[in-house]
Amino acid sequence: MVPFKKNLKKQKEEKKRNYFINKINKYITIAFKSLIHKMVDEFFGVGWGKLLLIVVFLQSCQQSLQSKSLNDLEKIEANLRNKASEQLAAGGMDPLAKMRALCLTRGATGIHGLGRAFRNMDDDGSKALNEEEFTKGVKEFGLDISKEEIKQLFRSFDEDGSGSINMTEFLLKLRPPMSQQRIAVINQAFAKMDKTGDGVITLADLKNVYSAREHPKFKSGEKTEDEILTEFLHTFEGGRGNGDGQVTKEEFTNYYASISASIDSDEYFEVMMKKAYVLQ
């Protein structure tokens, strides 16, 4: 009878332990899991109260990490602008590389902004631009590039000599190139953010992933959580975005392709993305 009671007690203790392990797995990245699991094993005998404190502490750490990642984007963007400006100052760039750098001096949404300028002139929705429309779009966007360089760019993309270029293909080539490793982690981050799986990230999706309660502007009462998260969404659209409160996969990928241009190492880019979005 005694062995049976001991086994029953052991089963209950194991069930409790597994409950906390499952909770912990939701709030901590893989790098710390083995350490925290060891903590649970070591402190499991102290009772429910202290174990609950561990879980609450982990939730707090997670929210702090997420809020910090919202602030880190500003520093990364500043680095991106500076690097693009240095490349322009050094000179010796072909027209495509020069246009890319000029866009990136405006931050991670620079290329996306140029794309919007082109789309505004695409009245028939054909996604094709003639040389006049292409030149007008570049000039209206305010890029400091000569007429000859614009002509050279247009002709290099008008491969069949039809007098028009495919806008989407041009923007894809203008976007800084990325390795498959970087594309994979960007796709992983988007999938995590797009909770509903409908191909766009909305404020409702974001609330399921991020907490802005540790953000300095929330703490000071300057902004609400919704305002901070909405600003985060608008980051992907830039100043010329339509402010529709939705981020498509194209917008998300273009944004991080630009961020990627300021980071030399694939490994560092992957770590940065996994930290920002708490990916496994």
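**Close-up views of a predicted chain**

View 1. With neighbours within four places in sequence left aside, Met 93 makes contact with Gln 87, Leu 88, Lys 98 and Ala 101, where contact means heavy atoms within 4.5 Å. Met 93 is found in the loop that runs between α3 (48-90) and α4; helices (H or I, at least four residues) and strands (E, at least two) are DSSP runs, numbered from the N terminus. Met 93 counts as partly exposed because its relative accessibility is 25%, given that buried means under 20% relative accessible area, exposed over 50%, and partly exposed in between (1.4 Å probe, protein chains only). The model is a predicted one, in which local features need pLDDT of at least 70 and side-chain atom pairs count only at pLDDT 80 or more, while totals for chains, interfaces and linings use all residues. Residues are numbered from 1 along each chain as its sequence is written, and side-chain values use heavy atoms, with hydrogens and water left out.

**View 2. Helix α4 and its start.** Eight of the ten residues of α4 are buried, so this helix is largely enclosed by the rest of the structure. The buried residues are Pro 95, Ala 97, Met 99, Arg 100, Ala 101, Leu 102, Cys 103 and Leu 104. At the start of α4, the backbone nitrogen of Leu 96 has a side-chain oxygen of Asp 94 within 3.0 Å; a polar contact is a pair of N or O atoms within 3.5 Å, of which, within protein, one must be able to donate a hydrogen and the other to accept it, and residues adjacent in sequence count only if both atoms are side-chain atoms.

**View 3. The two sides of helix α7.** In α7, which comprises residues 147-157, the buried residues are Glu 149, Ile 150, Leu 153, Phe 154 and Phe 157. These residues lie on the same side of α7 because they cover an arc of only 135° around the axis, the arc being that of the directions from the helix axis to the C-beta atoms. The buried residues of α7 pack against α4 (95-104), β1 (128-130), α6 (131-141), β2 (164-166) and α8 (167-174), whereas Lys 147, Glu 148 and Arg 155, on the other side of α7, are exposed.

**View 4. Glu 225 and the buried side of helix α12.** Glu 225 lies in α12, a helix of residues 225-235, and it counts as buried because its relative accessibility is 18%. Glu 225 is 13 residues from Ala 212 in sequence, and the two are 5.5 Å apart in space, C-alpha to C-alpha. Not counting residues up to four places away in sequence, Glu 225 touches Tyr 210, Ser 211, Ala 212, Arg 213 and Phe 218. The buried residues of α12 include Glu 225, Ile 228, Leu 229, Phe 232 and Leu 233. They are placed on the same side of α12 because they cover an arc of only 145° around the axis.

**View 5. Thr 202 in the loop between β3 and α10.** Thr 202 sits in the loop that runs between β3 (200-201) and α10 (203-207). Thr 202 counts as buried because its relative accessibility is 18%. Beyond its neighbours within four places in sequence, Thr 202 is in contact with Leu 233, Gly 245 and Gln 246.

**View 6. Val 278 after helix α14.** Val 278 lies in the segment after α14 (266-277), and its phi is near 50°, a positive value in a residue other than glycine. Val 278 counts as buried because its relative accessibility is 8%.

**View 7. Annotated spans and confidence along the chain.** An unreviewed UniProt entry carries the annotation "domain: EF-hand" for residues 109-144, 145-180 and 181-216; UniProt positions are given in the numbering used here, feature names are shortened, and annotations may be inferred rather than shown by experiment. Residues 145-180 are 56% helix and 8% strand, and their end C-alpha atoms lie 31 Å apart, while residues 181-216 are 53% helix and 6% strand, with the end C-alpha atoms 33 Å apart. The mean pLDDT of the chain is 75, and 70% of its residues reach 70 or more, pLDDT being the predictor's confidence in each residue, from 0 to 100. Where pLDDT is low, the predicted coordinates should not be read in detail.
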